[in-house]
Amino acid sequence: MKSWLDRLRDPSERTLGVILLSPAFALLALIVVYPIGKLFYNSFFDMRLSGGQGSKWIGWQNYADMIKDGAFWDATWNTVLITLITVPGALVVGLALALLANLPFKRQWPVRLALLLPWALPLAFAGLIWAWFFHTEYGFINDVWVRMGGEPRMWLLSPVSAFAAICIAIIWKSSSFMALILLAGLQMIPKSLYEAAEVDGASRWQQFWQITVPMLMPSIVVALIFRTITALQTFDIPYTMTKGGPGNATETLAMYIHKTTIDYLDVGFGSTLAVGMFVLSMILTAAYLRHISRQESA
Amino acid sequence: MNDRGGLLSGVRLRFIAATIVVLNGFFPAVWILFTSLKSEAELFRKPITYFPHEPTLRNYIAAAVDQPLFQVFMKNSVVVALLATVVSLLVAAFAAYAIARLNLKRRQLILTAIIASSMFPLITLLVPIFETMRALGWLNSYLALVFPYVVLNLPVCTLVLVSFFQSIPRDLENAAMIDGCTRFETLWRVVLPLSAPGVFTAGILAFVNAWDEFLLALSLNSNAAMRTLPVGITLYQGEFTFPWPIISAALIVAIVPVAIVIAIFQERVVGGLTAGGLKG
């Protein structure tokens, strides 16, 4: 019989597994599992951290309030719209960048660095930079616009152009990651496929649709799934560009949850909103996965 | 053969392609650099200038010296990102080794559980994490950010490290154990040195993730002295009326260190991203 000290120094596979995996699972319990439980629990309480009057069980009242809350539906709509615009947008731009970057350059690093830089840039910084680009008087975009004969515009102060500006910034920021994933996929397509197609007289266009797109599908699916999950959580770029304004025209669900809980300290209702967001992201992710797998099998 | 002559022939096509990609990636940063070098008088002249006509470093001095908190933000960002990186690597390396090497039942399930749960939308957990940190008394401290960032990093680091551990020949480990090394000695003397490149790659990705994070840093550390760079610079706006030249200088100072690291280790970063890439 080994002493416990010996066992600790030279443990069996199973004991070692438990020892090695426990830090990861302890952290996940503290930061993910317990909070999920607490989230659902909180959503049934009237709970404000500001007043100090404690929390009161109110059943489904928060959920009833949420369904009647116009700001919740506006924020949900904005989030869905941002996802529907920026995910395909980033795919198209990212694919174009990947195709361009895949050409046989003598020096690879300037192109590769140009794809890595937007990826490494904090989202908040990207938002600040694009806010400056869209500045009403001194912004680069406005300058180009005026030079082309347009009237100076308050880009970030009108609902439609502010929304469009945010989508452009998100697409710019996220397309480079997309391009990196797709570029890796492109480089795995065997050259011989294109050579064979060339012999058969296929045009460039045919080669793209018959070889590149189908061979790239696995990478595209991976990139799209991650992009959708992050698009639903959009916070940093609208927060730094417009703070959700004008009015709440560019407020996303994440921003509304943040405002309710961190600024107004209304934890009960904020948790209910977060449950709503949780359900929304589950539905969209599931629908998305089903759609994609159906397309793939078709 | 297709007609590939004319305007879009080889060299010229490649040059145009490279220019588009490079402009797309660099232009915003270059524009901010130009802005940061302009004097206030030049910046607010119309029509706007593109290149700075009388370059000045005054904005950098203003950002670093007149804003004493800028140095504090920088320190906070460095400390939080480094701590998060070290802890992420330790936790992920332990888990990845167990998944890659040990004879465990349901290894795939364990890996999926780790990845799926750490990819849970952070914003939905913001409130309970806020409450937990408040209960622990960790709000406005480095700890409040380090632990959630480790969770954020767990999927990428675990995936990168699992694939690295799997590439180390098992015979090397067996030989070390036959020579009388204990399991931990084998880990420390054989596995760790061999997986150094993987650890390094995972480390860069973890550092960038932590350096970039905004929502939690904004929500959990509201005290100005505990803000990280992204939050600190964003909130400059509230304290003054949009000091764009100073913000630009601050952005450049905050971007350059990470950009240099990325430039030096770009091949590794790309490899790591595509092996276990998960960031948006």
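Trainee: Is Leu82(B) buried, partly exposed or exposed?

Mentor: Leu82(B) counts as partly exposed because 16 other C-beta atoms lie within 10 Å. Buried takes 20 or more other C-beta atoms within 10 Å, exposed 12 or fewer, and partly exposed is in between, with C-beta atoms placed from the backbone. This is a predicted model, where local features need pLDDT of at least 70, side-chain atom pairs count only at pLDDT 80 or more, and totals for chains, interfaces and linings use all residues. Residues are numbered from 1 along each chain as its sequence is written, and chains are lettered from A and ligands numbered from 1 in the order in which they are written.

Trainee: Thanks! Which helix is Leu82(B) found in?

Mentor: Helix α4 (residues 68-101) of chain B; helices are DSSP runs of H or I, at least four residues, numbered from the N terminus.

Trainee: New topic: what does Ala92(B) touch?

Mentor: Leaving out residues up to four places away in sequence, Ala92(B) touches Leu154(B), Cys157(B), Thr158(B), Leu161(B) and Ala202(B). Contact means C-beta atoms, placed from the backbone, within 7 Å.

Trainee: And how many residues of each chain are in contact?

Mentor: 78 residues of chain B meet 77 residues of chain A. On the chain B side, helix α1 (residues 10-36) gives the largest share, 14 residues.

Terms used: Contact = placed C-beta atoms within 7 Å. Helix = DSSP H or I, 4+ residues; strand = E, 2+ residues; numbered from the N terminus.
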